[in-house]
Amino acid sequence: MLLLCFGACAQTESSRAEFALGTVCSVTLFDQSRDRVYRDIFSRIHEIENLMSVNIPASDVSRINAAAGIEPVQVHDDVYKVIERAVYFARLSGGAFDPSVGPLVSLWGIGTDTPRLPSQKEIDEILPLINWQDVELDPHTRSVFLRRTGMALDLGGIAKGYAADEAAAIVKNSNVKRAIIDLGGNIVICGEKKDKSPWRAGIQNPGYNRGDIMGIVNITAEHSRAQTVVTSGVYERFFEENGGRFHHIFSPFQGYPADNGLLSVTVISHNSMDADALSTAVFVLGYEKGMALIEAFPGAEAVFVFEDKTVRTTNGVKFALTDNMFRLVQE
Ligand code: AMP
Ligand code: MG
């Protein structure tokens with residue numbers, strides 16, 4: 001996912017990028033460069049990373065994981081909110097989205113320097129640990145308990161969306177009229193374009209290099225109501241072994257990367273945390289069930305890109321193909 005700025009938004013913007021949440025986070029504030037707003041946004045993003053990253057031993061999520069099967073852990077409000085929402089989407093998706101996917105993420109090591117294809121035995125051993133119903137939330141003490149030893153949360157499918165919403169809230173409370181927040185493909189657009197024309201968000205060509213797009217979605221955002229565009233795709237993180245290609249979005253049922261003919265799912269909505277969880281959930285569910293989930297979710301639209309190079313969308317998306325290798329199917 002990337003945002004296209006054809007002419008109209010070029011002149012006066014400034015952009016800043018930092019590495020956080022395991023990805024490049026870039027923020028563009030239009031009209032004027034505003035140091036304080038940039039500082040506030042990036043410190044908020046780093047704060048969220050420090051609370052939620054499983055790669056930071058002192059993070060709240062690492063503390064929850066270390067206490068799995070032992071005791072509940074009191075957490076920061078941000079963490080509680082995100083886990084609560086993650087569990088909500090786990091229930092809504094029948095477990096396709098599952099924040100307790102941590103042991104699978106570690107077993108496969110996708111995105112690390114040492115990814116590997118595990119044996120069926122290894123997968124079978126950890127599958128019983130992947131179960132959102134064993135994530136116990138106590139709203140009174142704001143604590144989280146993983147019931148079984150060996151369980152581990154991984155908020156990689158939802159935390160970037162939350163961080164993007166929090167960054168957008170900072171923009172909303174500032175005098176900056178328009179902004180683009182792009183946390184590794186989790187995009188939030190705040191405000192209207194100067195000439196009032198729609199923003200144009202490019203959808204990454206899943207088979208090619210980062211930066212190549214295969215289509216464009218038109219997005220209309222207002223200052224008071226941001227819009228978000230979030231993609232889950234096979235190309236984000238993967239490795240190759242024995243002639244197979246293994247990506248980072250797992251079926252919690254099989255223990256393998258979800259394999260149902262989809263290359264990417266893009267969700268367009270108002271809330272980036274929800275869109276983030278939805279895009280991951282829908283990617284795991286596949287087209288039919290995923291489409292049903294999106295259609296039942298107020299305000300959400302989606303674009304599905306398939307391995308056979310067909311593209312399908314929900315009815316409310318303003319989508320145009322830019323790459324004639326793909327074919328738009330209207331049903
Ligand atoms: P996304 O790019 O938002 O689709 O999220 C993918 C990331 O979410 C992965 O890198 C994992 O950290 C995590 N993840 C993988 N599979 C799942 C799943 N089935 N449910 C929830 N999170 C997942
Ligand atoms: Mg996601």
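Is Arg-142 buried, partly exposed or exposed? Arg-142 is partly exposed, at a relative accessible area of 27%; buried here means under 20%, exposed over 50%, and partly exposed in between, with a 1.4 Å probe and protein chains only. Its position is the loop between β5 (135-138) and β6 (143-146), where helices (H or I, at least four residues) and strands (E, at least two) are DSSP runs numbered from the N terminus. Although not a glycine, Arg-142 has a positive phi of about 50°. Most residues other than glycine have a negative phi. Lys-196 also has a positive phi, near 70°. Lys-196 sits in the loop between β8 (186-190) and β9 (199-204) and is exposed, with a relative accessible area of 57%.

A word on provenance. This is a predicted model, in which local features need pLDDT of at least 70 and side-chain atom pairs count only at pLDDT 80 or more, while totals for chains, interfaces and linings use all residues. Residues are numbered from 1 along each chain as its sequence is written, chains are lettered from A and ligands numbered from 1 in the order written, and side-chain values use heavy atoms, without hydrogens and water.

On confidence: pLDDT, the predictor's confidence in each residue from 0 to 100, has a mean of 92 over the protein chain, and 95% of the residues reach 70 or more. Residues 5-11 stay under 50, and the model gives them seven contacts beyond four places in sequence, a contact being heavy atoms within 4.5 Å. Where pLDDT is low, the predicted coordinates should not be read in detail.

Next, the metal. Which residues coordinate the magnesium ion (ligand 2)? The donors are Gly-157 (O), Asp-276 (O), Asp-276 (OD) and Thr-280 (OG1), at 1.9 to 2.5 Å. Donors are N, O and S atoms within 2.8 Å of the metal (3.2 Å for Na, K and Ca), and water is not among the atoms, so sites may look incomplete. Along the chain the donor spacing reads G-x118-D-x3-T. Asp-276 and Thr-280 are about one helical turn apart because they are four residues apart in helix α7 (residues 272-285). Both Asp-276 and Thr-280 are buried.

That leaves one item to end on.
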